[in-house]
Amino acid sequence: MRGIGKRFRSGLAALEAIDLDLGAGEFLSILGPSGCGKTTLLRIIAGLAEPSEGERRLSLTVDGGGHIPSGGVGFVFQDPTLMPWSTVIDNVLLPFRLARRVGSAERERVREEIRAVGLAGFERAYPRQLSGGMRMRVSIARALVTDPDLLLLDEPFAALDEITRTALNDDLLRLWENRRTTVVFVTHSVFESVYLSTRIAVMTTRPGRIAADLPVELPQPRERALRMSPGYAAICATVSNTLARAMADQSQ
Amino acid sequence: MNPGRFARPWRIASPLAVGAVLLVLWEAVVRVEHIPPYILPGPLAIGESLWTDGPSLLGSLLVTLRVTLAALAAAAIFGGAIAVLFSLSRILELSLFPYAVILQVTPIVAIAPLIIIWVREPFLALLVCAWIVAFFPVVANTTVGLNSADRNLLALFRLYGASRGQVLRYLKLPTALPYFLAGLRISGGLALIGAVVAEFVAGTGGTETGLAFRILEAGYRLVIPRLFAALFLLSLTGIVIYLVLDALSRALLRHWHESALEEDEG
């Protein structure tokens, strides 16, 4: 993406001169304070919102017009965003249903994905019978079931408690390691972004701008013990400082 | 005080006890004061009338019930269809919704004579009157429901390239179902009221006489116990319609909607 800008109809500039290149198989975190336009940026990447300036080009799929075929992008919202009237199976099946592709292969794929996020045995449950963490797992399964080239997550774990959040962080890492989908993960947690990503884009607020683009050079696969290591702490400190500096520059 | 904290037997027994006490008081007052039955009959006299006039009153009830249920079905089908049309076309909603409101706020008693003149077939005339009273809650509620789909789910549907038909079928209609059912519960009572009002205006109107006309007739002839008996049957019918619609609503929503959750779950 080149020179992406977004201006709301009120004239408020949400994003300004955003340049962002995504490498295939990367796990990129977009880190920034609340209200910096992270979600807007993610929606532009998904094609759910149009930039007011600049161009968005996705070369992940062979498609010149920048149009992403349905199923090419998976999106996980801040809330699980499930259909409360449908069972876990039907919720995860939704992308296939909308593509009018519901066969036995798709149904098998759905079961497999539900197992992959650790919800085997809950196929027939309704969302209200599940805990917050389990609902988020359903949401992740739905996003992954089409084997998307690009997985976008918008602060998916922000509403969860610390313990569930840590568990889901690990699960997301396993899912990503197993298939190497390109991931863009929006968060306001420094620790989460360092633990998960291969790269972190630090954003500032109003208008949202990318202040720094930092690689995360930590060994893979990542295990929980990494959270205690000095290398992890050092990168967290660097990212934290970058974020603080960017915000200080902004306020001057 | 939270009513859910009382055991189920109490919730049935206590209103019944209040009813029984009131009936005894009523009977006592009528007897002690020697109130003549053409002014106020006691519950025993009404019960007796219910027993003797019961079969013929039930026949009339069936006539009224047919109008009511047909009007309710028409309200559900056409009310729902109008709401879906509104949700598909904003311009249609903007241009037609005010007229639905006008139809709703105009007293049915005032327009019923016109409808009865215009529509020759008596059953159909009554049906149209009852429908006019009953359809609005379904239209208004379902329209709100169709417009309340979760914004993120809408975005997700767009992301997966859903057609308008798919959005309607898989997202908007299920979202609107609880609203539609709430509207239908209100319409159930209104359909009965509409049918009764139309019968009042129409008179016998044909070979069959509904319960409302029996009430009028009993009033003219000062057979007040029968009037009360007919009134009792009407109220009972209204309650049964409500309970049936409530049960239907719970059955359809029991897996997912807050309104239908059991109290001990959460």
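Colleague: Which residue just after H8(B) takes a positive phi?

Modeller: B:Leu222, with a phi of about 55°. Before going on, note that this is a predicted model, in which local features need pLDDT of at least 70, side-chain atom pairs count only at pLDDT 80 or more, and totals for chains, interfaces and linings use all residues. Residues are numbered from 1 along each chain as its sequence is written, while chains are lettered from A and ligands numbered from 1 in the order in which they are written.

Colleague: Which residues of H8(B) are buried?

Modeller: A residue is buried if 20 or more other C-beta atoms, placed from the backbone, lie within 10 Å of its own; with 12 or fewer it is exposed, and in between partly exposed. In H8(B), B:Leu211, B:Ala212, B:Phe213, B:Arg214, B:Ile215 and B:Ala218 are buried. Their cover includes H2, helix H7 (164-202) and helix H9 (224-253) of chain B.

Colleague: How do I read the packing of H2(B) with H8(B)?

Modeller: Two packed helices are described by the angle between their axes and the distance between the axes. Axes are lines fitted to C-alpha atoms, for helices over the stretch in contact, and angles run from 0 to 180 degrees between N-to-C directions. Here the axes of H2 (residues 43-88) and H8 (residues 211-220) of chain B come within 7 Å and cross at roughly 130°. H2(B) and H8(B) are therefore oblique to each other; under 35 degrees counts as roughly parallel, over 145 as roughly antiparallel, 65 to 115 as roughly perpendicular, and the rest as oblique. H2(B) brings B:Leu57, B:Ser60, B:Leu61 and B:Thr64 to the contact, and H8(B) brings B:Leu211, B:Ala212 and B:Arg214. Contact requires C-beta atoms, placed from the backbone, within 7 Å.

Colleague: What angle do H5(B) and H7(B) make?

Modeller: Helix H5 (residues 122-146) of chain B packs on H7(B) at about 155°, with the axes 6 Å apart. That makes the two helices roughly antiparallel. By class, the residues of this contact are 27 nonpolar, 7 polar and 2 charged. Nonpolar covers Ala, Val, Leu, Ile, Met, Phe, Trp, Tyr, Cys and Pro; charged covers Asp, Glu, Lys and Arg; the others, Gly among them, are polar.

Colleague: Turning to chain A, what is the strand order in the open sheet?

Modeller: Strands of a sheet pair through backbone hydrogen bonds, either parallel or antiparallel. Pairing requires that DSSP finds at least two bridges between two strands. The open sheet has 6 strands in the order E5-E6-E7-E3-E8-E9 (chain A), with mixed pairing. E5 and strand E9 (209-215) of chain A are the edge strands, each pairing on one side only. The twist averages 15° from one strand to the next. Within the sheet, E6 (residues 150-154) and E7 (residues 182-187) of chain A run parallel and are joined by 5 bridges. A:Leu152 stands opposite A:Val184 in E7(A).

Colleague: How many residues does each chain give to the contact between chains A and B?

Modeller: Chain A gives 18 residues and chain B gives 16 residues. On the side of chain A that touches chain B, strand E5 (73-76) and helix H2 (88-98) of chain A each supply at least two residues. H2(A) gives the most, with 3 residues. That side of chain A has 12 nonpolar, 3 polar and 3 charged residues.

Note on methods. Two residues are in contact if their C-beta atoms, placed from the backbone, lie within 7 Å. Helices (H or I, at least four residues) and strands (E, at least two) are DSSP runs, numbered from the N terminus.
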